[in-house]
There are 2 protein chains.
Amino acid sequence: MTQATKPLKAGTATFTSLSCKECGAEYEAKAIHVCEYCFGPLEVSYDYDAIRRHVTRESIQSGPNSIWRYKSFLPVATDTPIDVGTGMTPLVRSNRLARRLGLKKLYIKNDAVNMPTLSFKDRVVSVALTRAQELGFTTVSCASTGNLANSTAAIAAYAGLDCCVFIPADLEAGKILGTLIYSPTLMAVQGNYDQVNRLCSEVANTYGWGFVNINLRPYYSEGSKTLGYEVAEQLGWELPDHIVAPLASGSLFTKIYKGFQEFIKVGLVADKHVRFSGAQADGCSPIAEAFREERDFIKPVKPNTIAKSIAIGNPADGVYAVDIARKTNGNIESVSDREIIEGMQLLAETEGIFTETAGGTTVAVLKKLVEAGKIDPEESTVIYITGNGLKTQEAVQGYVGEPLTIEAKLDSFERALERSRTLERLDWQQVLV
Amino acid sequence: MTQATKPLKAGTATFTSLSCKECGAEYEAKAIHVCEYCFGPLEVSYDYDAIRRHVTRESIQSGPNSIWRYKSFLPVATDTPIDVGTGMTPLVRSNRLARRLGLKKLYIKNDAVNMPTLSFKDRVVSVALTRAQELGFTTVSCASTGNLANSTAAIAAYAGLDCCVFIPADLEAGKILGTLIYSPTLMAVQGNYDQVNRLCSEVANTYGWGFVNINLRPYYSEGSKTLGYEVAEQLGWELPDHIVAPLASGSLFTKIYKGFQEFIKVGLVADKHVRFSGAQADGCSPIAEAFREERDFIKPVKPNTIAKSIAIGNPADGVYAVDIARKTNGNIESVSDREIIEGMQLLAETEGIFTETAGGTTVAVLKKLVEAGKIDPEESTVIYITGNGLKTQEAVQGYVGEPLTIEAKLDSFERALERSRTLERLDWQQVLV
């Protein structure tokens, strides 16, 4: 453990610059995201010596009950970040799901109850909009598969920023309504996410707006590191043996990895080899395919899956995700839409957590990996549940059955109860046959 | 402040018995809820001297980050209650809503992000099911307007309890699906909540089930006290000047009051006169009517409002709610369905919080009270937001506008943006006219 001499002075930034992930070229920390020389993605650099000197487990624990307890590891200078209680979601020790799968130490990181809009995107948006304000933006924007739209619109409303959000026109009703309620300008683009994203890149070049996942992307993506920090802190300042997370652009995956590495680097946790496994839907699995075929590049695909929030056909950080899974001895798997729904039901029935399709994907991949012997029952394994099932109701409607409709009379209830018990017995007999 | 000598021994209960709220008759703490002599409701009694001796601000703060930090004030004996992270939801200092309404010290207690099912009901159900296990029940049940069904089904799934839930058949789709996903037995009763409730009373008398809001009601309702405790703790161990909460059965309102009184009684906060104001929908306002007409009894009504989660026509604790509003110099008001929707939009636009119809009711009543001069701008006022908007999407669909549908081309975007700005200008001119 490090011995902190004194806390950082108010308003002191620990991040120093942006640097290219490919060629290492350095840039001032402005609203840019692509290297001018090699077109590689830019990433935030920090002064880890300064962090090591000033940050301890105790200084973190005495911080706010939100992602901002890790402010020293985040790319903002202000001492008054936009804090709507985002982060510090429960890490649940699984009993019933673990038993069902035959695992001994399974944990569920539950961002289905993240604040304010019930997905991990609240983390990245809180960071991006705080940085947007520091950089002087008054209008913020994003290209989104839904959760990001909800989050950007909500947190912009709270912060009093103008907001224009772009989504594919065929999104789930809950995600559209869950954006409109905050009164942003909402553009529904006739096309898939990758087309929305390309349009937004053009708009970002033309308008002076802060696009959280385009020109603010280096700052934005750092927010996902908090999913690594929190798990380490919640496990008693220890890293797990294995994590399973969904893969969309691949950014979340790489940032959980970065978070763990940073905690090791500054001495907050002991060094440990953590295995990283990723989850995709069969209907959009370019990263899983690259992993399976042992390729170093991603072949873009046209998404066709109910797991819309992770349906990115041309994932920006796909190659980095493949690299991490490979070097940590993890896996990347994909599952069918049917398995995704079963994953949602399994998590709800055993743990009382209603997740969206992305979470169903993660649970289904967990199951698949366990059945294939790719997760050891003794490994401490953390699965990341990243969004709430109330947003993707269409996906499970028709699969979860119907209520038993009865009259408001005791005998009507008793007949229905008898019917349902008979059905359960029949189900059970079918299982036995 | 009290000086605690030592913490309570493991497994020590601070509650002693049940007693009748009307005649004071005492009962053993079993699964009963009505006085045998006078038919009054039973309530849990505590040994406040024991609590005063053992509980301090520090002992609470070092407890779990959930309602169970207040276990000494809750009617369970076990040291391993069912803890799914329920409670300790944010108390948000309002900036933009406060300014819009002309208030100086407005706070929002946000149970729209409560865990696990996004309403305050997770508090009462966590307590009820923990007590149900202590009393030996293996099947739990409830009569619900939706949120309670979600919560009972989810937490029962987590705890491995069998579950049968009763709802009115015409509930919102999100509340039905958000129950079915956990695989309980779900009975949709053709009738309103009051009819569902009557049927459940019959079932409770016949079957050996633990109905959280019938035979377990004395324990269940104590869970709402945590909404009082948390606000006091989050305000820095101080009570607010005024609270505004929705009224359904009236139980929540009376238990926030009880929570404040208990904290005063054991010396955790200074004594203070807190004003209690309640919110109902015009389409189901039996408590507001009794208050307005200065009656000491409730005239049951047939509910007809979009605010289904608070649509209880024959509210069990209505008279107690009227009494509290009256003696604290508060108010009880009702608002139209249109005002409820506007309340939901106002909260979302200004604070980034998407609440359900019950929360819209509370915001609309807050606005009405401010406009009528019934809340002083200098009063520290807390409004209770008790549920999430993703569960009542039907209510606002059609009122929040539509996305602007565009092609994935820059010029299509620019035309749409121009159109939307013209519309905004026109709206603005209409306002000026």
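User: How much area do chain A and chain B bury between them?

Analyst: This is a predicted model, in which local features need pLDDT of at least 70, side-chain atom pairs count only at pLDDT 80 or more, and totals for chains, interfaces and linings use all residues. Residues are numbered from 1 along each chain as its sequence is written, chains are lettered from A and ligands numbered from 1 in the order written, and side-chain values use heavy atoms, without hydrogens and water. Buried area is the accessible area (1.4 Å probe) that two parts lose on being put together, summed over both. Of the area between chain A and chain B, 70% is on carbon and sulfur atoms, and the total is about 6,000 Å².

User: Which three residues supply more of the area that chain A buries against chain B than any other three?

Analyst: Contact means heavy atoms within 4.5 Å, and 71 residues of chain A are in contact with 71 residues of chain B. The leading three supply 11% of the area that chain A buries there, and they are A:Tyr158, A:Leu177 and A:Ile181.

User: How many salt bridges are counted between chain A and chain B?

Analyst: A salt bridge requires a side-chain nitrogen of Lys or Arg within 4 Å of a carboxyl oxygen of Asp or Glu. By this criterion, the count between chain A and chain B is 0.

User: Which helix gives the most residues to the side of chain A that touches chain B?

Analyst: Helices are DSSP runs (H or I, at least four residues) and strands likewise (E, at least two), numbered from the N terminus. The leading contributor gives 8 residues to that side of chain A, and is helix α16 (residues 410–432).

User: Is A:Lys121 buried or exposed?

Analyst: UniProt, in an unreviewed entry, lists A:Lys121 as "modified residue: N6-(pyridoxal phosphate)lysine"; such annotations may be inferred rather than shown by experiment, and positions follow the numbering used here, with feature names shortened. A:Lys121 lies in helix α4 (residues 121–134) of chain A and touches A:Asn147, A:Leu148, A:Ser151 and A:Tyr220, not counting residues up to four places away in sequence. Buried means under 20% relative accessible area, exposed over 50%, and partly exposed in between (1.4 Å probe, protein chains only). Because its relative accessible area is 18%, A:Lys121 is buried.

User: Which residue just after α12(A) takes a positive phi?

Analyst: In helix α12 (residues 318–327) of chain A, the buried residues include A:Tyr320 and A:Ile324. Their cover includes α10 (251–265) and β12 (332–335) of chain A. Just after α12(A), a positive phi of about 65° is taken by A:Asn329.
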